Amino acid sequence: GRSLAFVAAAPNKSAAGRADIVDRNGVLLATNLLTASLYADARVVPDGAETARRLVKVLPGLKPATVRERLATGRAFVWLKRNLTPLQQRAVNDLGIPGLHFRDEQRRLYPHGALESHVLGFTDVDGKGISGIEKYFDTDMRERGPQGQALQLALDARVQHVLRDELVAAMVRFRAAGAAGLVMDADTGEILALTSLPDFDPNHPTAAPVLSRFNRATKGVYELGSVFKVLTVAMALDSGATKLRGGYDATKPIRVARFTIRDSHAKKRWLSVPEILIYSSNIGAAKMALDVGRDGQRKYLDRFGLLGRPTLELPEVGTPIIPANWGDISTMTASYGHGLAVSPVQFASAFAAMVNGGVLMPATLVKRKPGRRTLGVQVISTRTSDQLRRLLRAVVEKGTGRQARAPGYLIGGKTGTAEKASGGGYRSTALISSFIAAFPMTAPKYIVYL
């Protein structure tokens, strides 16, 4: 079922429309604005052509031909323009044309513009949810109406602002085609911020290109690269396939059929299990995955929630793409995030379980009531999770994640870079770069994925 968190709505709302949406602190994210919409009784409008000419002067968005066509129907009710501003309503009134009337309606208003666009979605002119939270909870929102309870999300508008600003800056700096990121509570699965760029203004959704309405954080599925090595080490340690003091020979690339697996930061020597993660060794990860075995790897990935469509309170949720024939090659490439495509929010949930004591919590955009950790499933042991926290801290202290060293914060994390899949192969010049982190590593509270 869909668990809802509703809080008291703000006063002075019209009796029609939808419930408000607020963030976890009660900040208004979506509400209703009472507007007037213009219609005509075409039977009594004196001169359709003249009326059309005069209306277009005060309502520039109208097309004369469309107005003339509607007035020529002779019907008792024809819409001419929805959701007028007070100034537009007064201008039409001042024309004094018989047969023109107004009807009070509700227009959906998003005070923050594009900030939460991919989470909130938008409604059509009749107030029906078209995408996002608005569509997922459409029936509930309509039944409650603006006088009822507001839907309270897990989002924190302050965190959302910071996340979006950072992603916008990164897109400009690296001339990226798009970006996605999220901040998640490591213990509850609550999503405190989620951004997909480019985005759009839900107050004017049709003005944005279709691509801007695509949610890269939840709908898009990608081969995420080396961040998957965290999961490979987790399953190897948890299953007993290897131990922290174990290691693998990463002296030479692995050649299998027409494939060659090599390291980007090659050490060309035997690497311990911690070093495989710290230096992000594809060779070491591949050999480690073979020790876990194909069936073991699939069992763990399924347990981590990465082989099926995740649950989330959005219609825009992607389904993972998994290897059609899962042999040794797929086992090795999946160990470092190739050949298996998942959404960022799906991977963030799995990563949270790696550091929070081993409990996989369903991701949610709705604020959870305290004490709902019983929803979680133990997917790795607490001992394995403790080991991973130390390893992820080492990646930031002396490995590929050194740029994440922030004074005063015990951050642990993993970098990931993958070539974009295209036409049955990969484009070496088109990359998906990411970093997933948790802090503080002594008892992780937040997951950040960029």
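**Entry 1: ground rules**

I take helices (H or I, at least four residues) and strands (E, at least two) as DSSP runs, numbered from the N terminus. The model is predicted, so I keep to its limits: local features need pLDDT of at least 70, side-chain atom pairs count only at pLDDT 80 or more, and totals for chains, interfaces and linings use all residues. Residues are numbered from 1 along each chain as its sequence is written, and side-chain values use heavy atoms, with hydrogens and water left out.

**Entry 2: the whole protein**

I looked up the secondary structure and found 14 helices and 19 strands. The C-alpha atoms fill a box of roughly 90 × 50 × 40 Å along the principal axes. I then checked burial (buried is under 20% relative accessible area, exposed over 50%, partly exposed in between, with a 1.4 Å probe and protein chains only). Of 450 residues, 52% count as buried.

Next came contacts, meaning heavy atoms within 4.5 Å. Taking contacts between residues at least 6 apart in sequence, I find that 69% join residues at least 24 apart. The accessible surface (Shrake-Rupley, 1.4 Å probe) comes to about 20700 Å². Carbon and sulfur atoms own 51% of that surface.

**Entry 3: charge**

I counted Lys and Arg as positive and Asp and Glu as negative, leaving out His and the chain ends. I placed each charge at NZ of Lys, CZ of Arg, CG of Asp or CD of Glu. The protein has 61 positive and 38 negative side chains. The centres of the two sets lie 5 Å apart.

**Entry 4: salt bridges**

Side chains of opposite charge can pair when their charged atoms come close. My criterion is a side-chain nitrogen of Lys or Arg within 4 Å of a carboxyl oxygen of Asp or Glu. The structure holds 16 salt bridges.

I opened Asp138 and Arg18, whose side chains meet at 2.5 Å, N to O. Asp138 lies in helix α6 (residues 138–144) and Arg18 in the loop between β1 (6–8) and β2 (21–22), so this pair ties together parts 120 residues apart in sequence. Asp138 is buried at 13% relative accessible area. Arg18 is buried too, at 2%.

Asp138 also forms a salt bridge with Arg142 (3.2 Å, N to O). Both residues sit in helix α6, four residues apart, about one turn of the helix. Arg142 is partly exposed, with a relative accessible area of 38%.

I then turned to Asp199 and Arg164, which meet in a salt bridge at 2.7 Å, N to O. This pair links distant parts of the chain, 35 residues apart: Asp199 is in the loop between β10 (191–197) and α8 (229–239), and Arg164 is in helix α7 (residues 157–174). Asp199 counts as buried at 15%, while Arg164 counts as partly exposed at 21%.

I also traced shared partners. Salt bridges join Arg18, Arg108, Glu134, Asp138 and Arg142 into one network.

**Entry 5: a positive patch**

For patches I took residues with over 30% relative accessible area and no salt bridge, joining like charges within 9 Å (nonpolar side chains Val, Leu, Ile, Met, Phe, Trp and Tyr within 5 Å). Lys243, Arg245, Arg383 and Arg390 gather in a patch of positive charge on the surface. Arg245 lies in the loop between α8 and β11 (247–249). Arg245 is exposed, at 73% relative accessibility.

**Entry 6: Arg393**

Arg393 is buried at 19% relative accessible area. Beyond its neighbours within four places in sequence, Arg393 contacts Tyr409, Leu410, Ile411, Gly412 and Met441.
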